Amino acid sequence: MATYYSEDHEWITVEGDTATLGITQHAADQLGEVVFVEQREAGDAFEKGGEIGVIESVKAASEIYAPLNGEVIAANEALADNPGALNESPEGDAWIYKIKISDASQLDDLMDLDGYKALIG
Amino acid sequence: MTDTPKLTPLYDLHVELGGKMVDFAGWDMPVQYPMGIMGEHKQCREKAALFDVSHMGQVILRGDNVGTKLESLCPQAFATLKAGKARYGFFTNEDGGILDDLIVSNAGDHYFVVVNAALRHQDIPHMRANLDDVEVTEIFDRALVAVQGPKAEDVVGELCPVARELKFMETTLADIGGVECRISRLGYTGEDGYEISIPEADAIRLSKLFLAHDDCEPAGLGARDSLRLEAGLCLYGNDIDPSTSPIEASLAWAIQKRRKEEGGFPGAARIQKELAEGAAKKLVGIKPEGRAPARRDVEIQSAEGNTIGTITSGSFGPTIGGPVAMGYVSAGHGTPGEKVNLIIRGKAQPAEIVVLPFVTQNYKR
């Protein structure tokens, strides 16, 4: 199991060809209090760089971009009733998707924790 | 904005309090503090919050019959505004649109006017060009601080007992912490509270005195926006602009009877016609049924799927606990209870037309 980070402030923890995807604590702090999350449904395929959902704070809406090609296995339904969980535990219980990875080679374009820490300073 | 942002007299305090600074109309302003927009919003509804609104333009008008002369630019009855009273109004253009909204106070030997930050550069020349023999002085050396919320009277009254005696839309000069301030009982949150004009050298010291009260915390522009939206108050540039008339904007209440009947202000022909016959569109409250906020520019459709209007302000309402919005719908629509659809990211989301405000205004009359 390894965790990777994207420049769009997502994390993905990979187990074989599946992964769990969410936003980083840094991203959650920048967004402010989350009031709504729009998620894709199980079975939806996506490509790297494509929009795969929207996170709305009191002030603004922010898109979630796919860090690699894949398909949604499951969306975290708990976020519908409790979007504020994204501020509390974005790197824990408040994951956004379980996904199937289509092209594992794209993981090489992502950062490890040290690289991500350097990005956010 | 390529210019260096302007700083208010409270800038150092915002930084000290951990304010998240953003550019607003060319000013470096706190959008929120560490408490966050939701907490600051609730603080204001339940206790008291302090806002820096020094970016707004403070103007002094001196001369004979200033109130009467203002009536040539605004559809409000300013000639009969008594000393010690403040009144909401707006400048209109010849087409009956709104050039800016403002608060005019009769300060006895002069008039005190507060205009929007983004329109200082427009409003001040407008007054200078059109108010004959009136000395128009823009004030640059005073902060403007709003203390708002059900506990505002306690917070301000401890330092300034006369504040307790003021009623909604009354204004006076008073000593606060050894300096003379102009204190007015009004605001932009739907709550009781004050706006206080303070000499810039004393602004941080007095703000800290207010914040020393257990019930008072700082709040930023984020909470100011969600508070005013729940209170059904228009934001210039979003909900009103030079193309919208006050009748379309559901602001007929702000035009006094004599002015409605007599006219004599820019755009009177259109405004009087709309008063008599109704306007082509009107501003209404809109409550989305789901959790998705409907923001500015979202299309409003009738239940039958026809485009009937556009959202002009929309956000999450922390007191309501869900999304709230305002927008214009065309004539024939807009009855409270009417079901509409909001087209958010291509999907129709159900919503209902509601009576504004979303929360009961809590003024001390």
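Two strands count as paired if DSSP finds at least two bridges between them, and on that basis strand β1 (residues 2–5) and strand β2 (residues 10–15) of chain A pair in the antiparallel sense over four bridges. In this predicted model, Tyr5(A) stands opposite Trp11(A) in β2(A). The hairpin of β1(A) and β2(A) has four residues between the strands, and His9(A) takes a positive phi near 70 degrees there.

## Chain A as a whole

Chain A has four helices and nine strands, and from the N terminus on its elements run β-β-β-α-β-β-β-β-β-α-α-β-α. The radius of gyration of chain A is 13 Å, close to the 14 Å that the globule rule gives for 121 residues, so chain A is as compact as a globular protein of that length. Taken along the principal axes, the C-alpha atoms of this chain fill a box of roughly 35 × 35 × 20 Å. Buried residues make up 42% of the 121 residues in chain A, and, among the contacts of chain A with a separation of 6 or more, 59% are accounted for by residues 24 or more positions apart.

## The open sheet of chain B

In chain B, five strands form an open sheet in the order β5-β6-β7-β4-β8, with antiparallel pairing. The edge strands are β5 (86–92) and β8 (135–139) of chain B, each of which pairs on one side only, and the twist averages 30 degrees from one strand to the next. Helix α4 (residues 120–130) of chain B packs on this sheet and touches β4 (57–62), β5, β6, β7 (111–115) and β8 of chain B, while its direction makes about 160 degrees with that of β8(B). Within the sheet, β5(B) and strand β6 (residues 98–106) of chain B pair in the antiparallel sense over seven bridges, and the bridge partner of Arg87(B) in β6(B) is Val104(B).

| Strand pair | Sense | Bridges | Facing residues |
|---|---|---|---|
| β5(B) and β6(B) | antiparallel | seven bridges | Arg87(B) and Val104(B) |

## Core and domains of chain B

Val104(B) also belongs to the largest nonpolar core, which has 125 residues and in which Val104(B), Val113(B), Val145(B), Val147(B) and Ala294(B) touch the most other members. Domain 1 (1–279) and domain 2 (281–354) of chain B both give residues to this core, so the core lies between them. Leaving aside neighbours within four places in sequence, Ala294(B) is in contact with a set of residues including Ile286(B), Pro288(B), Ile311(B), Leu342(B) and Ile344(B).

The domain assignment of chain B gives domain 1 (1–279) and domain 2 (281–354), whose C-alpha centres lie 28 Å apart. The contact takes 17 residues from domain 1 of chain B and 17 residues from domain 2 of chain B. On the side of domain 1 that touches domain 2, α2 and α7 of chain B each supply at least two residues.

Helix α2 (residues 37–46) of chain B is mostly covered, with seven of its 10 residues buried. These buried residues are Ile37(B), Met38(B), Glu40(B), His41(B), Gln43(B), Cys44(B) and Arg45(B), and they pack against β2 (27–32), β3 (48–52), β9 (142–148), β13 (216–218) and α7 (221–230) of chain B.

Key
Residues are numbered from 1 along each chain as its sequence is written. Chains are lettered from A and ligands numbered from 1 in the order in which they are written. This is a predicted model: local features need pLDDT of at least 70, side-chain atom pairs count only at pLDDT 80 or more; totals for chains, interfaces and linings use all residues. Axes are lines fitted to C-alpha atoms, for helices over the stretch in contact, and angles run from 0 to 180 degrees between N-to-C directions. Two residues are in contact if their C-beta atoms, placed from the backbone, lie within 7 Å. The radius of gyration is taken over C-alpha atoms; the globule rule is 2.2 Å times the number of residues to the power 0.38. A residue is buried if 20 or more other C-beta atoms lie within 10 Å of its own, exposed if 12 or fewer, and partly exposed in between; C-beta atoms are placed from the backbone. A nonpolar core is a set of buried Ala, Val, Leu, Ile, Met, Phe, Trp, Tyr and Cys residues joined through C-beta atoms within 7 Å. Domain bounds come from an automatic or database domain assignment.
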